[in-house]
Amino acid sequence: MAWLLIAQGVVADQHVATLLPRTAEHLVAQLAVLKAGACYVPLDPEYPVERLALMLADAAPVLLLTDVAGEVRLRPHCAAALPVLPLDDPAVHAARAGYPSADPAPEDRPVRLRPDHLAYVIYTSGSTGRPKGVAVEHRGLINLFHGHLGEVHAAQAADGPRLRAALTGPLTFDSSWCSLLWLMGGHELHLVDDETRRDPQALAEYVASEAIDYLEISPTFCRQLMAAGLLSDDRPARPRVIELGGEGCDQALWSDLRAVTGTTTVNGYGPTEATVYVTYAYAADHERPTIGRPMGNNRVYVLDAGLRPVPPGVTGELYLAGAGVARGYVGRPALTAQRFVACPFGGPGERMYRTGDLARWTADGALEYVGRADEQVKIRGFRIEPGEVETALAGHEAVGQVAVIVREDRPGDRRLVAYVVPTRGGDGPAAELPDAGALRRFAAATLPRHMVPSAFVLLDALPLTSRGKLDRRSLPAPGGGTAEHRRGPRTVREEFLCGLFSQVLGVPEVSIDDDFFALGGHSMLATRLIGRIRSVLGAELDIRTLFDAPTVAELAERLTENRREDSLAVLLPLRTARPSSSRAAAAPIPLFCVHPAAGISWVYSGLLRHLPPGRPVYGLQAHGLTEPDAAPDSMAEMVRAYLAQVRAVRPQGPYALLGWSFGGLVAHEMAVQLQEEGQEVASLVLMDSFPPGGGTPRGGEAVNEAELRQALFASLGRQPDADDPAGPLALLGERGIAAMLRVFAHHGDLQSGFVPRTFQGDVLLFEATEGKAVDAPRPDDWHPYVTGRVDVTPVRGAHGELTRPDQLAQIGPVLAAWLERVRR
């Protein structure tokens, strides 16, 4: 690709923009631009088109590398003269194939490269409402390469086995180089997909299953990954190196990481203007959080207002000098002169960067980060100028005044809050102000999602100090306004969503009109909510949908537009197939889980953490949950209907089936029918399921609704009167539970008199060992209906407890090993 770019006429210091999905092709494009001698400008496809157009106009690239979809999206918004190269165009593919595979030599480039030529331009938030592009030279990047691998991580990088580094941050952030440099040093790079990298649970599982050695993450995300088990002792693999960056680290996290054995924690500090990071500290060497000492060929000064060094223990402003200092801001000479100032401690013409950060030296010569000297803030590792957010919101016709600040009303929960005063017509009343959702959509049209405020507060006027300045201390916390009529859920779907909102946000109750972000939601919590919606409701959505529809009522409507009753749909995708990290690997066999007598299959979601991230898992749920008239009249009819759902996902075998309780009988009969049709059944797994004759709960045996309800809850290991707002049944509400009671009784009737047929092969049976009656069925009862072995794994717990975390911890590893016998 570098040869193709040279043929296009790109030369040193010229900008080449990249607007590509998060794939290996994006990395190839960026590296090709560097090999061609030009400067790459990465653009995020998730940004609003208006912001992308603004960045393109500011960077003035000579070429845009994108795909066909990106060209269609951007062409109406960029200069007509801008050449565009869609990399997925067959003609471009053919042109690339005609060039040599060897690197271009110095004489192949029109201009001989020098260390002071530009390597990349990264855009950051700007206080004037206009993002600013930081221009970084090759010498800064080369210095970072040698410092990163030869100094900071020398112990891991030198003369050892090849490491696996995960790139989990956006490719448009300069911090992506922390992981990319491992690739440059001959190590293995994993480009983690968007779905996985934004979900702490999924990423923690990926790190363990792929034996990732290196992670570069923000402290906030590190805490979430640790809560998801990243560093748990029971993990098959844990990262050898965690590099923190992007924001300050608190004492609690610092102490927790110091206590972890086998993992080295490095805390890096540095703005984009100084090439990724400048100082570093090993957590093991310092009891308190510190940003340490400068990396090779970088210098750090803590100065007072007169640019004089301050003594240890005294707070001053942090200035950076040395090889990492960037050239400046693209097309912003005044701002460049303001922030990149003459260095009184260096040679003639040398500059230093004024960070705006406050720091102090410790007695042992390490740096401690104190905070900001200006209004720039960092939230969850993202650098934000509140002024840019204010400028965007002020463009709304109904907004008269606006102030944006960062609040931390709960420890560790920093979020962006906008205070809005509506416009007024003369002496008349204020114009009608759009609700928070409308303001959020307006902001999201021009700002990246991490810059969209999580709460909007309406005020009659902004509070002022006696000197007429904004009184930030008097700005009220969100949620303190006039109480509104609170509507409860009207459908089963809304019952689910209200419960999920409540769980994720940690609030006791949510109405269908409550705004997720106004209640304290932010991008990390939004990712967690989306993950819960995906696993519990089986519905796919992205974070922009949540921005557009942040209330339960709006979100339920959006989900209805795409899929009908996803939460209770017959086929429930608990986890769909993800791209494999190995080019040679084929997709694993999906696991289809048949519901127990209660009819629901999202109870199997706890299995996901015990199975490899690449294995798809689907649940089969009772037809009668949403349509009473659709309930099958016989076991044979049920099996035929479920196999139709299975074939819609996987038309041909081999197949893997699992069933708990009543679901085991159904899974067994499905396996028999598949074999009769000539299909291979690679795995049949039964969870405390036995042929009719006792032990498996039967809804038809209950004589009244109270007994039926008791039997239903007992089959799931619950109590009907249990106060468990976090439990799965709490999400159903009374409508959902009534539907479950109906199908539970019906399944008991179907089971009565059913006689299994014979399965050709081996079966894995998990047997609950507690709470069994003397005459309870035993594994041997399956021998007349199975030609092969019945491999029995005892599980400590009662029948209804098998999908609880403690029992799944016993089941999961055995199940994973059984499924791996036939991998594909």
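Start with Arg164: its bridge partner in strand β8 is Glu188. Arg164 belongs to a pairing in which 4 bridges join β7, residues 164-167, to β8, residues 188-191. The two strands run parallel. Two strands count as paired if DSSP finds at least two bridges between them. From β7 the chain crosses through helix α8 to β8, and this β-α-β crossover is right-handed. Right-handed means that, with the strands pointing away from the viewer, the path from the first strand over the helix to the second runs clockwise.

A word on the model. It is predicted: local features need pLDDT of at least 70, side-chain atom pairs count only at pLDDT 80 or more, and totals for chains, interfaces and linings use all residues. Residues are numbered from 1 along each chain as its sequence is written, and side-chain values use heavy atoms, with hydrogens and water left out.

Now the overall numbers. The protein has 24 helices and 31 strands. Helices (H or I, at least four residues) and strands (E, at least two) are DSSP runs, numbered from the N terminus. Of the 824 residues, 56% count as buried. Buried means under 20% relative accessible area, exposed over 50%, and partly exposed in between, with a 1.4 Å probe and protein chains only. Take the contacts with a separation of 6 or more: residues 24 or more positions apart account for 70% of them. Contact means heavy atoms within 4.5 Å.

Back to α8, residues 177-184. How many of its 8 residues are buried? The count is 6, so α8 is mostly covered. They are Trp177, Cys178, Ser179, Leu180, Leu181 and Trp182. Just after α8, Gly186 takes a positive phi of about 95 degrees.

What does α8 pack on? Helix α6, residues 138-152, at an angle of about 75 degrees, with the axes 10 Å apart. Axes are lines fitted to C-alpha atoms, for helices over the stretch in contact, and angles run from 0 to 180 degrees between N-to-C directions. The two helices are therefore roughly perpendicular. The cut-offs: under 35 degrees is roughly parallel, over 145 roughly antiparallel, 65 to 115 roughly perpendicular, and the rest oblique. From α6 come Leu141, Leu144, Phe145, His148 and Leu149. From α8 come Trp177, Cys178, Leu181, Trp182 and Met184. By class, this α6 and α8 contact has 9 nonpolar residues, 1 polar and no charged. Nonpolar covers Ala, Val, Leu, Ile, Met, Phe, Trp, Tyr, Cys and Pro; charged covers Asp, Glu, Lys and Arg; the others, Gly among them, are polar.

Next, the sheet around β7. It is open, with 7 strands in the order β8-β7-β9-β10-β11-β12-β13, and the pairing is mixed. β8 and β13 (293-294) stand at the edges with a single partner strand each, so one side of each has no neighbour in the sheet. Further in, 4 bridges join β9, residues 214-217, to β10, residues 241-244, and these run parallel. Glu216 has Glu243 as its bridge partner in β10.

Look at β29, residues 681-687. Is it enclosed or open? 7 of its 7 residues are buried, so β29 is largely enclosed by the rest of the structure. On one pairing, 6 bridges join β28 to β29, running parallel. Leu657 stands opposite Leu684 there. The chain goes from β28 through α21 to β29, another β-α-β crossover that is right-handed. On the other pairing, 3 bridges join β29 to β30, residues 763-768, also parallel. Leu686 has Leu765 as its bridge partner in β30, and Met687 has Phe766.

Last, the helices here. Helix α20, residues 635-649, packs against α21, residues 662-676, at about 70 degrees, axes 10 Å apart. That makes α20 roughly perpendicular to α21. Among the α20 residues in contact are Met635, Tyr642 and Arg647; among those of α21 are Phe662, Glu669 and Leu674. The classes are 10 nonpolar, 1 polar and 3 charged.
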